[in-house]
Amino acid sequence: MKARANAFTLALSVALTTLTGCSMTENDSPDIPTAGTSTSSDAADAVEMVSSGIYDLIGVQGEASDDQSTVMNCSGKDRETYFRILHPWNFYPATASNLQTAMDKLKSELPKHGWKITEYGPDTSRNKNVKMTADNDEKKVSVSVIEMAKNDPPKLSLDVVSGCYRIPDGQEIERF
């Protein structure tokens with residue numbers, strides 16, 4: 001259980017580190033998107049629908065992991081009133097040769113569906129994984145995609161994160 005918690009903590013910190021510099025994560029900036037008012041459960045459903053739409057854009061045979069969303073704080077804001085949703089998941093292509101095709105499809109299809117690619121290229125890891133970050137201003141979400149070609153099995157690692165939601169008056173944020 002401790003290994004699973006450590007893996008989650010590592011994944012969360014990688015996601016947050018990956019997304020820093022992206023307009024969706026700079027909470028001290030006046031440009032931080034407000035995603036609206038919602039319960040954390042409804043917001044998680046909305047973010048998971050965005051993930052589903054991204055999955056559809058991949059366009060190659062494969063399988064997605066069944067990871068659950070989690071609630072995060074909005075930096076610099078009251079943690080009892082504001083929250084964000086993070087939906088981390090992985091895509092495993094049916095064949096290793098389809099991994100590059102999947103990343104190329106996302107790079108070409110995301111902009112056609114309201115996304116602006118803000119970063120694309122090799123990361124600083126030993127494996128020089130290709131990393132892409134994209135923002136969707138209309139949906140108030142950002143996605144970080146890392147092509148992990150040297151993993152066994154090869155995969156795309158995706159983190160979809162929302163802007164800051166406000167909990168409706170009289171309700172409490174569910175933490176999951």
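**Entry 1: ground rules**

Buried means under 20% relative accessible area, exposed means over 50%, and partly exposed is in between (1.4 Å probe, protein chains only). I start with that because Asn 129, at 9% relative accessibility, counts as buried. The model I'm looking at is predicted, so local features need pLDDT of at least 70, side-chain atom pairs count only at pLDDT 80 or more, and totals for chains, interfaces and linings use all residues. Residues are numbered from 1 along each chain as its sequence is written, and side-chain values use heavy atoms, with hydrogens and water left out.

**Entry 2: the overall layout**

I looked up the secondary structure and got three helices and nine strands. Helices (H or I, at least four residues) and strands (E, at least two) are DSSP runs, numbered from the N terminus. Reading along the sequence, I noted the pattern α-β-α-β-β-β-α-β-β-β-β-β.

Next I checked burial: of the 176 residues in the protein, 43% are buried. The accessible surface comes to about 9600 Å², and carbon and sulfur atoms own 48% of that. Those areas come from the Shrake-Rupley method with a 1.4 Å probe; for residues, only the protein chains shown count as cover.

Then contacts, meaning heavy atoms within 4.5 Å. Taking contacts between residues at least 6 apart in sequence, 64% join residues at least 24 apart.

**Entry 3: the core**

A nonpolar core is a set of buried Ala, Val, Leu, Ile, Met, Phe, Trp, Tyr and Cys residues joined through side-chain atoms within 4.5 Å. Which residues in the largest nonpolar core touch the most other members? I found Ile 54, Leu 106, Leu 110, Val 143, Leu 156 and Leu 158, out of 30 residues. Helices H2 (40-58) and H3 (98-109) each supply at least two residues of this core, and so do strands S4 (82-93), S6 (130-136), S7 (141-148) and S8 (155-162). H2 gives the most, with seven residues.

Leaving aside neighbours within four places in sequence, Leu 106 is in contact with Ile 54, Leu 57, Ile 58, Pro 111, Met 132, Val 145, Leu 156 and Leu 158.

I also clicked on Val 143, which is found in strand S7. Val 143 is buried, with a relative accessible area of 1%.

**Entry 4: the disulfide**

A disulfide is a covalent bond between the sulfur atoms of two cysteines. The rule used here is a pair of cysteine sulfur atoms within 2.5 Å, and by this rule I count one disulfide. Cys 74 is joined to Cys 164, with S to S at 2.2 Å. Cys 74 lies in the loop between strand S3 (70-72) and S4 and Cys 164 lies in strand S9 (residues 164-166), so the pair ties together parts that are 90 residues apart in sequence. The torsion about the S-S bond is about -135 degrees, so this disulfide is left-handed. Both cysteines, Cys 74 and Cys 164, are buried.

**Entry 5: salt bridges**

Side chains of opposite charge can pair when their charged atoms come close. A salt bridge here is a side-chain nitrogen of Lys or Arg within 4 Å of a carboxyl oxygen of Asp or Glu. How many does the structure hold? There are four salt bridges, and I wrote down some of them:

- Glu 109 pairs with Lys 112, the closest N and O atoms being 3.2 Å apart. Glu 109 is buried at 17% relative accessibility, while Lys 112 is exposed at 60%.
- Arg 79 pairs with Glu 80, the closest N and O atoms being 3.6 Å apart. Arg 79 is partly exposed at 42%, and Glu 80 is exposed at 53%.
- Arg 166 pairs with Asp 169, the closest N and O atoms being 3.8 Å apart. Arg 166 is partly exposed at 31%, and Asp 169 is exposed at 71%.

**Entry 6: two loop residues**

Back to Asn 129, which sits in the loop between strand S5 (116-122) and S6. Not counting residues up to four places away in sequence, Asn 129 touches Gly 121, Pro 122, Asp 123, Ile 146, Glu 147, Met 148 and Ala 149.

Is Gln 68 buried or exposed? Gln 68 counts as exposed, at 55% relative accessibility. I found Gln 68 in the loop between strand S2 (62-64) and S3. Not counting residues up to four places away in sequence, Gln 68 touches Glu 48, His 87 and Pro 88.
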